[in-house]
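The report that follows goes through selected features of one protein model, beginning with a pocket and passing on to helices and loops. Please read it with the structure open alongside.

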Amino acid sequence: MTLDLFAALEPQPSREPITQGAVLLRAFAAGEAAQLVRAVEQVTAQSPLRHMHTPGGFRMSVAMSNCGRYGWVTDRRGYRYQPEDPLSGRPWPEMPQAFRELAVRAAREAGFDGFDPDACLVNRYEPGARMSLHQDKNEQDMAQPIVSVSLGLPATFLFGGMERADKPLRMRLESGDVVVWGGPARLLFHGVDTLPDGDHPLTGRCRYNLTLRRAR
Ligand SMILES: O=C(O)CCC(=O)C(=O)O
Ligand SMILES: [Fe+2]
């Protein structure tokens, strides 16, 4: 018998309810994090990470790309999903099977059977990047949850209320953590605090986040 030291050192999965409809699945993807990072690198080799601009003209500190049938974009014309990468005019890279399977499993674990994501936003945070409080509301079917996967450097996730001014809970998210929100929590404000500097064995000086959604 051999002892798998790496498996033994891996954080064990646990389930932490946040509020009705929202749950933090700690270490849910810890065992496959390295594989997911490699898949992110394959996606972003085809559709590069880029700093998009808000409709108001601000450059986002988070760099983004997408995979799947639809990708989330923002520019002077607004926020929306579209089937092509505006940089190339070509379809977004296919969603890796590992992303889809993980998201469906996580959604089920959180109580949302039948999640069928058609869009995956890839966010890259470098030290100093942040995402201010917002609602995910460009999707058509609000009955489908959001599945959000953290990879690499730890970050502080902010989970607020139905009003932007509601004081958010602060949660430290580590590589392999998955947050799922839907149902009564689907439109809660959320964001990510300024990423501190650090060095992670899987990603170096950055954090990736995969946000899987049903866009249409
Ligand atoms: O990076 C995160 O953990 C959250 C990302 C997010 O909320 C989004 O992309 O809409
Ligand atoms: Fe979001």
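## The second largest pocket

In this predicted model, the second largest pocket is lined by Ala30, Gly31, Glu32, Ala33, Ala34, Gln35 and Arg38, together with Ser175, His200, Pro201 and Leu202. Its volume is about 180 Å³, and the lining residues divide into five nonpolar, four polar and two charged.

Ala33 belongs to the buried residues of α2, whereas Arg38 is exposed, on the face of the helix turned away from its buried side. Glu32 sits in the loop between β2 and α2 and is itself buried, with a relative accessible area of 16%, which is under the 20% limit for that class. Leaving out residues up to four places away in sequence, Glu32 touches Ala98, Leu102 and Arg105, and of these Ala98 and Leu102 are listed among the buried residues of helix α3.

What covers the buried residues of α2 includes the helix α3 (97-109) and the strands β3 (63-68), β6 (119-125), β8 (146-152) and β13 (207-213). The face turned away from the buried side carries the exposed residues Arg38, Gln42, Ala45 and Gln46.

Ala27, like Glu32, is placed in the loop between β2 and α2; the strand β2 covers residues 22-26. The phi angle of Ala27 is near 60°, a positive value in a residue that is not glycine. Most residues other than glycine have a negative phi. Ala27 is also buried, since its relative accessible area of 6% is under 20%.

## Helix α3 and what follows it

Just after α3, Gly111 takes a positive phi of about 100°.

Val104, a residue of α3, is in contact with Phe115 and Pro117 when its neighbours within four places in sequence are left aside. The C-alpha atoms of Val104 and Asp116 are separated by 7.0 Å, although the two residues are 12 residues apart along the chain.

## The largest pocket

About 640 Å³ of space lies in the largest pocket. Its lining is made up of 35 residues, of which Met60, Trp72, Met131, Ser132 and His134 lie nearest the centre. The elements that contribute two or more residues to this lining are the strands β5 (78-82), β6, β7 (131-134), β12 (190-192) and β13. Two of these strands, β6 and β13, are also among the elements that cover the buried residues of α2.

By residue class, the lining of the largest pocket divides into 15 nonpolar, 12 polar and eight charged residues.

Definitions and conventions
Residues numbered from 1 in each chain as written. Chains lettered and ligands numbered in written order. Predicted model: local features only at pLDDT ≥ 70, side-chain atom pairs only at ≥ 80, totals over all residues. Heavy atoms only, no water. Buried < 20%, exposed > 50% of the residue type's maximum accessible area, 1.4 Å probe, protein only. Helix = DSSP H or I, 4+ residues; strand = E, 2+ residues; numbered from the N terminus. Contact = heavy atoms within 4.5 Å. 1 Å grid on protein atoms, 1.4 Å probe; cavity = no way out; pocket = protein on both sides within 12 Å on 5 of 7 lines; lining within 4 Å. Points joined across faces, edges and corners; volume = space filled by probe spheres on them. Nonpolar A, V, L, I, M, F, W, Y, C, P; charged D, E, K, R; others polar.
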